[in-house]
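Here is a structure to read closely.

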Amino acid sequence: MKLSHALAALIIAWFAVLGCIQAVTLEVNDGNSTCIKAELSASFSITYNTSSSTRTVQVPLPDSTTVDTGSSSCSTGDRSSWLVAVFGPGHALGLSFSTNGSVYSVTNLTLQYNLSDTSIFPEAKSSDVVTVVTDSVGILATINTTYRCVSPTTFGLGGATVIFSDMRLEAYMPGNDLSPTESVCMADQGSTTAPTTTAPPTTARTTTTAAPAPTPPGTPERGTYSVIKSNGTVCLLAQMGLQFNVSYFSLSQNKTIQELVNLTPNLTSASGSCEASSASLVLTQEQTTTLNFTFTLNSTSNKYHLSGITLLANWSDATAPFTASNTSLDYLQSTLGRSYMCNAEQTLAVVPAFSLNTFRLQVQPFKVTTNQFATAEECRMDQDQMLIPIIVGAALAGLVLIVLIAYLIGRKRSHAGYQTI
């Protein structure tokens, strides 16, 4: 029996490594209407304990996967929509969706696995049903478009990893079929062939031209943003000027260009969420640009940092909506109960095609009281800039002291030469 279990696990791992993972189609329906549809392949890497060691198994999402109609839901307004797929004895994959009216996104990804399933977890020390969750997902698209990502995308969830590929999905659907207009993920846009939302690119677009340095649009205006809980209290504060440094394929110039784009505060609205160990700030400009910040708190060290940045921009000159996301960042580190401040210009690298420039930044994503920033911890660049005048002043003071000492020594010698014999 043990041999057959090990053989089953080995076969699953072998098929996952070879990429022989079946694509599944999943739909969430509300009466005769479809609100969520997904076509995707997925595999899971799960580490578990045996009585004597630790093992890692590779589990493909089987083509027998079905939608759990009891847990899946179509919702509007502030409530999330859910797609919950179930497979095997007690295993499930869940994606929750939300929208601000112009963009929809996966707000968290949940994996549930049953360690008592000996065909996947032979000799597991525990028989528990384990649930792991991440809210740093970065899957988002313009409303009424299909999110497409053929490239493999990996998400870490505690002791497990979820890998999606060949993904096409849409939430808050106006009809029962996936939209022919696509929001293409950054990984798929990384090829030398220019992406398009309607038809394959022409021959003229298949060559990527090196872009000249962009013309600076000037320092962006500083905006003030906040996230407010349902009880009316402010839970996140931010003040900053923001500038996108992006590379994308331009329709008018028929080549890949690099451009600097400022976020305009008076055209931008703020929303987000605040949880015990995570917080998000979503900035939306005129329903064409959405920028999402995710902050994570380490409850052990009482330190927080910016862990994720996601940008979705629907610019008229681009061949497709521009999407870029990185959920493994480590920027803007500070201590719980304090704010983070950096007046100097910072460049936060997100992906090769997108970096974010910040100016006169101050942010506090946790423990906001009295609707004001707490004492700030300053960035290294600000500290260095404060040291420069101190060092120059100390050098000048030292120089004056040296001159004074030299003068006094010279004067003493001069008086010594006129002593009475």
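What follows is a set of questions and answers on this predicted model.

Q: How many aromatic pairs does a search of the whole structure find?
A: The search finds nine aromatic pairs.

Q: What makes F244 and F354 an aromatic pair, and why is the pair called edge-to-face?
A: Their ring centres are 6.1 Å apart. Centres within 6.5 Å count as a pair. The planes stand at 65 degrees.

Q: Why is the pair of Y248 and W315 called tilted?
A: The ring centres lie 5.5 Å apart, with the planes at 40 degrees. Stacked needs under 30 degrees and edge-to-face needs over 60, so this pair is tilted.

Q: What parts does the pair of Y248 and W315 tie together?
A: Y248 lies in strand β15, while W315 lies in the loop between β20 (303–313) and β21 (322–326). The pair therefore ties together parts 67 residues apart in sequence. Y248 and W315 are both buried.

Q: Which residues have the most contacts inside the largest nonpolar core?
A: They are F244, L291, F293, I309, F322 and F354, in a core of 46 residues. Strand β15 gives the largest share of this core, eight residues.

Q: What does I309 contact beyond its neighbours within four places in sequence?
A: Its contacts include L291, F293, L348, V350, F354 and L356. N292, S325 and N326 are also among them.

Q: Which other core lies apart from the largest one?
A: Another core has 44 residues, among them A42, L93, L115 and I139.

Q: Why is N144 called partly exposed?
A: Its relative accessible area is 41%. Buried means under 20% and exposed means over 50%, so N144 falls in between. N144 lies in the loop between β9 (140–142) and β10 (146–149).

Q: Why does K367 count as exposed?
A: K367 has 57% relative accessibility. The cut-off for exposed is over 50%, so K367 passes. K367 sits in the loop between β25 and β26 (376–378).

Q: What makes the phi of N144 and of K367 worth a look?
A: Most residues other than glycine have a negative phi. N144 is not a glycine, yet its phi is positive, about 65 degrees. K367 is not a glycine either, and its phi is positive, about 55 degrees.

Definitions and conventions:
Residues are numbered from 1 along each chain as its sequence is written. This is a predicted model: local features need pLDDT of at least 70, side-chain atom pairs count only at pLDDT 80 or more; totals for chains, interfaces and linings use all residues. Side-chain values use heavy atoms; hydrogens and water are left out. Rings of Phe, Tyr and Trp (its six-membered ring) pair if their centres lie within 6.5 Å; planes under 30 degrees apart count as stacked, over 60 as edge-to-face and the rest as tilted. Helices (H or I, at least four residues) and strands (E, at least two) are DSSP runs, numbered from the N terminus. Buried means under 20% relative accessible area, exposed over 50%, partly exposed in between (1.4 Å probe, protein chains only). A nonpolar core is a set of buried Ala, Val, Leu, Ile, Met, Phe, Trp, Tyr and Cys residues joined through side-chain atoms within 4.5 Å. Contact means heavy atoms within 4.5 Å.
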